[in-house]
Amino acid sequence: MAYADIREFIEKLKAEGELCAVTAEVDWKLELSHIAKLNEEQHGPALLFQNVKGYAGMPVFTSALATPERLALALGLEKNTSFIDIVKTWVARVREKVPVKRVEGGPCKEKIVKGDDIDLFAFPVPQYYEGDGGRYIGTTNCIISRDPDSGWVNLGTHRMQILDKKRAGIWMIPGKHVELHLQKYRERGEKMPVAVAIGVDPVLFLCSSGPMPAEEDEYEFAGAIRQAPVEVCSAELSDLPVPAAAEMILEGYVDPNELAQEGPFGEYSGYYQASYPKNFLEVECITHRMNPIHWGCTTGRPVTDIHMLMALNRTAQLWADIDRMGIPGIVGVYCPPETGGYYTAIVAVRQTYPGQARQAAMAVAASSAGAYSTKLIVVVDDDIDPTNLSLVWWAIGMRYQPERGTDILRRGRASHVDPSLRMQEGQDYTSRIIIDATVPFEWPKDKSPQLIQLTESVKNQVLRRWNEIFAGSK
C-alpha cells in the first residue's frame, strides 16, 4: 500500500502494535532523544511524543524505522517479511520509475507563515546530544533543489541546525547533489531557491536519504517503490515541487557565498562531527499542517533508527545499481547497520566462471551507491546469507586466503562523516579493501574441502520425533 502521508503510516504502526503514544510530559532538550535512543537499543516500538514541554498540540515522532518489521511496513509489506526480501522488493520495483502527480495545494499549506512571524523555534525540535551545537530541525528532512541548467530536481537528506529564528545551517557535503546545484548558482552569482519538506511518507524519506544516481529524480524512485505517484504542489516562493501532504515546508534561499558556524552534531558514526562554517537556508516562508508532527531521528552510535533505514536504502540501491550493470549471479547484497549502512558491503554470488567474485566486488566500488564511502567489500558464495554475519565471518575464517583474496583500492570517494579520516588535514579520499571469501571457481570440486552436511533423511526423522524426544525433559 502507498501511504498518503506520515499520519497514515503512524496509524498503520498503531494497528500493527508497532507504536507507543507517550502522553507524559517530555523535555525537547536531551530527554526526548534519550528516551528514543534507549528505546531503540531495546528494539522498542516507534514513539509518538504527544506532550512535548512548551509545545502543546505538536507531537514528535521518533524511532520510526528502527526495526526490519517497520521497514517492511513502510514499503507496504507484511511485517514479518525478511530483510533480504524487503530489499528484493525495492530492487524489483525501481526498475520502472513513476512520475509525480501535480496537484493544486495540499495539506502542507493549511497554514502559511511569512515575514516577521517566521520562528523556527516555534516547533518542537529536539536537541539530541549534550555536545550538539544546537537544535536540529533537519534529521529526516527532504531538501529540494533544482539544477538551473538541466532542470533536474533533487531530494536529499542533510542535517539542518537552527541558527536563529530565520536561519538553518545545512551541511552540504562536497560532491553531494544539492552541493553540485549550489556550485552552479555560485557560478551564476545567484542565490539558490530551496524547499525543505519535513514529515513526509516513509518511502519518500527513504529515497531522499538514499544513494540515488545523479541526474535522476528521487520523487520518481519513491513513486516506483510505493507503487503510486507522489503528489506534489508548487512551493510558495518558487516553482520547486514539494510533497503536498508533508507536515511542514521551509522555503527560502541559500547564498553560495555566505557561511555561518554549524555543529557539532552527534552523527550516525557514533562520533561528533566538528563545527565549522557552512551554508545556511534563509527562511522566508513556512507552510505547515495544523498541529504538525515533527519527525526526528536520533542518529548516534549503532544500531538504532538511522542505521536500520540506511542499511535498507543503501543495500537496496546498491543491489539495484549492480542489477542495472548486468553483473550475473548476484543472489544477495547487504550493507550492515552495524557499520551505519555505509562503509561495508557484503555480496553473495553464484559463481559460473573464474573471476566472477572479483567482478562483483569491482562492480560495488564502481556503482553509484557503492562508490561513496565504502571501505570494506566482502564477497561470499551463494550458500552464505549475507545478512547472517555469523556465516559471513565463518566464510572469511574458512575460505578467505589473504594472499589470493585481498585487493586494496586507493583514492576512493570518502564520507566526511567517517571518523577514521584525518579531515582536519584535508584527507578527502578513502581506501577500500576487497575480501574475496569465496571458494575459487577453478578448484576441482572433488579436490576442494568438503563441507559437513547433516544427512537429510536422518534430519527429517529427528524433526518428526522432536516433540517426542523432548517430552518430559526438564
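Glutamate 16 and lysine 12 form a salt bridge, with their closest N and O atoms 3.2 Å apart. A salt bridge here is a side-chain nitrogen of Lys or Arg within 4 Å of a carboxyl oxygen of Asp or Glu. Both partners are partly exposed: glutamate 16 has a relative accessibility of 27%, and lysine 12 one of 26%. Partly exposed lies between buried, under 20% relative accessible area, and exposed, over 50% (1.4 Å probe, protein chains only). Before we go on, please note that this is a predicted model, in which local features need pLDDT of at least 70 and side-chain atom pairs count only at pLDDT 80 or more, while totals for chains, interfaces and linings use all residues. Residues are numbered from 1 along each chain as its sequence is written, and side-chain values use heavy atoms, with hydrogens and water left out.

By the same rule, the count of salt bridges comes to 29. One of them pairs aspartate 116 with lysine 166, with the closest N and O atoms 3.7 Å apart. This pair links distant parts of the chain, 50 residues apart: aspartate 116 sits in the loop between strands E5 (111–114) and E6 (136–138), and lysine 166 in the loop between strands E9 (160–164) and E10 (167–170). The helix and strand names follow DSSP runs numbered from the N terminus (helices: H or I, at least four residues; strands: E, at least two). Aspartate 116 is exposed at 74% relative accessible area, whereas lysine 166 is partly exposed at 32%.

Now find lysine 184, whose side chain meets that of aspartate 147 in a salt bridge (2.9 Å, N to O). Lysine 184 belongs to helix H5 (residues 177–188) and aspartate 147 to the loop between strands E7 (142–146) and E8 (153–156), so the pair ties together parts 37 residues apart in sequence. Lysine 184 is partly exposed, with a relative accessible area of 26%, but aspartate 147 is buried at 3%. Elsewhere, salt bridges with shared partners join Asp5, Arg7, Glu247 and Arg289 into one network.

Let us step back to the whole chain. The domain assignment, whose bounds come from an automatic or database source, gives domain 1 (6–295) and domain 2 (305–436). Their centres, taken over C-alpha atoms, are separated by 27 Å. In all, 37 residues of domain 1 are in contact (heavy atoms within 4.5 Å) with 34 residues of domain 2.

What lies inside? A nonpolar core is a set of buried Ala, Val, Leu, Ile, Met, Phe, Trp, Tyr and Cys residues joined through side-chain atoms within 4.5 Å. The largest one has 101 residues, and Phe61, Leu65, Leu75, Trp90, Ile144, Leu312 and Ile330 touch the most other members. Helix H8 (residues 305–325) gives the most to this core, with eleven residues. Both domain 1 and domain 2 give residues to this core, so it lies between them. A second, separate core of 36 residues includes Phe49, Leu182, Met248 and Val254.

Apart from neighbours within four places in sequence, alanine 363 is in contact with Met325 and Ile327. The C-alpha atoms of alanine 363 and isoleucine 327 are 7.6 Å apart, although the two residues are 36 places apart along the chain.

Some loops hold backbone details worth a look. The peptide bond from glycine 263 to proline 264 is cis, with omega near -5 degrees, and proline 264 is in the loop between strands E15 (260–262) and E16 (265–266). Another cis peptide bond joins proline 302 and valine 303, with omega about 5 degrees. Valine 303 is in the loop between strand E20 (294–295) and H8. Histidine 43 is not a glycine, yet has a positive phi of about 60 degrees; its relative accessibility of 64% makes histidine 43 exposed. Tyrosine 343, also not a glycine, has a positive phi of about 75 degrees, but tyrosine 343 is buried at 9%.
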